[in-house]
Amino acid sequence: MQVFAGEYNRRGMVPLNIYMPGLVKTKILANEPQPMRTLVKILNWVIGIPVDKAAANVFAVVDQVARTRAQNVTFAWAKPRPPLDLRLQPTDAARLWVLTQDLLRPYRPT
């Protein structure tokens, strides 16, 4: 996602940031087969955050982005985090962009 966001921002479109809420206590995976369902329940109990806390984090990030005009920032919970140190070739981001455009082409209006 970091590579795509960087290329998206480089192309000068609407500013894009990444938000990673962490594990939120929802029932989104309640119908997954076992053992995944049990694993998610345990992880939710141990490290999951309540939905209202996750929503408060989203609002905090939106407020921060609006105030600072942040662009190409990754937020973990409600705080900016340093970008990952990715080992990329110079053409990787552009290649990802082309691949994404190719994958989305069937869904675009003609």
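Predicted model: local features only at pLDDT ≥ 70, side-chain atom pairs only at ≥ 80, totals over all residues.
Reader: Why is Arg-69 called exposed?

Author: The cut-off for exposed is over 50% relative accessible area. Arg-69 has 71%, so Arg-69 is exposed.

Reader: And what is Asn-72 called: buried, exposed or partly exposed?

Author: Its relative accessible area is 41%. Buried means under 20% and exposed means over 50%. Asn-72 falls in between, so Asn-72 is partly exposed.

Reader: How do you know that the span of α3 agrees with its number of residues?

Author: α3 has 18 residues. At 1.5 Å a residue, they should span 26 Å. The end C-alpha atoms are 26 Å apart, so the two values agree.

Reader: Which residues of α3 are buried?

Author: They are Ala-54, Asn-57 and Val-61.

Reader: How do you know that they are on the same side of α3?

Author: They cover an arc of only 55° around the axis, so they sit on the same side of α3. What covers these buried residues includes β1 and β2. The face turned away from the buried side carries exposed residues, among them Asp-52, Phe-59 and Arg-67.

Reader: What makes Arg-67 and Asp-63 a salt bridge?

Author: The closest N and O atoms are 3.0 Å apart. The limit is 4 Å, so this pair counts as a salt bridge. The two residues are four apart in helix α3, which means about one helical turn separates them. Arg-67 is exposed at 58%, whereas Asp-63 is partly exposed at 41%.

Reader: How many salt bridges does a search of the whole structure find?

Author: It finds six. One of them joins the side chains of Asp-85 and Arg-87, at 2.8 Å from N to O. Both Asp-85 and Arg-87 are exposed.

Reader: Why is the pair Arg-95 and Asp-92 called a salt bridge?

Author: Their closest N and O atoms are 3.4 Å apart. That is within 4 Å, so the name applies. Arg-95 and Asp-92 are three residues apart in helix α4 (residues 92–104), with about one helical turn between them. Elsewhere, salt bridges that share partners join Glu-7, Arg-10 and Arg-11 into one network.

Reader: Why is Asn-44 called buried?

Author: Its relative accessible area is 11%. Buried means under 20%, so Asn-44 is buried. Asn-44 is in helix α2. Leaving out residues up to four places away in sequence, Asn-44 touches Leu-23, Val-24, Lys-25 and Thr-26.

Reader: What is Leu-39 called, with a relative accessible area of 45%?

Author: Leu-39 is partly exposed, because 45% lies between the 20% and 50% cut-offs. Leu-39 is found in helix α2 (residues 36–47).

Reader: What kind of peptide bond joins Gln-34 and Pro-35?

Author: A cis peptide bond, with omega about 5°. Most peptide bonds are trans. Pro-35 sits in the loop between β1 (18–20) and α2.

How values were computed: Residues numbered from 1 in each chain as written. Heavy atoms only, no water. Buried < 20%, exposed > 50% of the residue type's maximum accessible area, 1.4 Å probe, protein only. Expected span 1.5 Å × (residues − 1). Arc of directions from axis to C-beta. Contact = heavy atoms within 4.5 Å.
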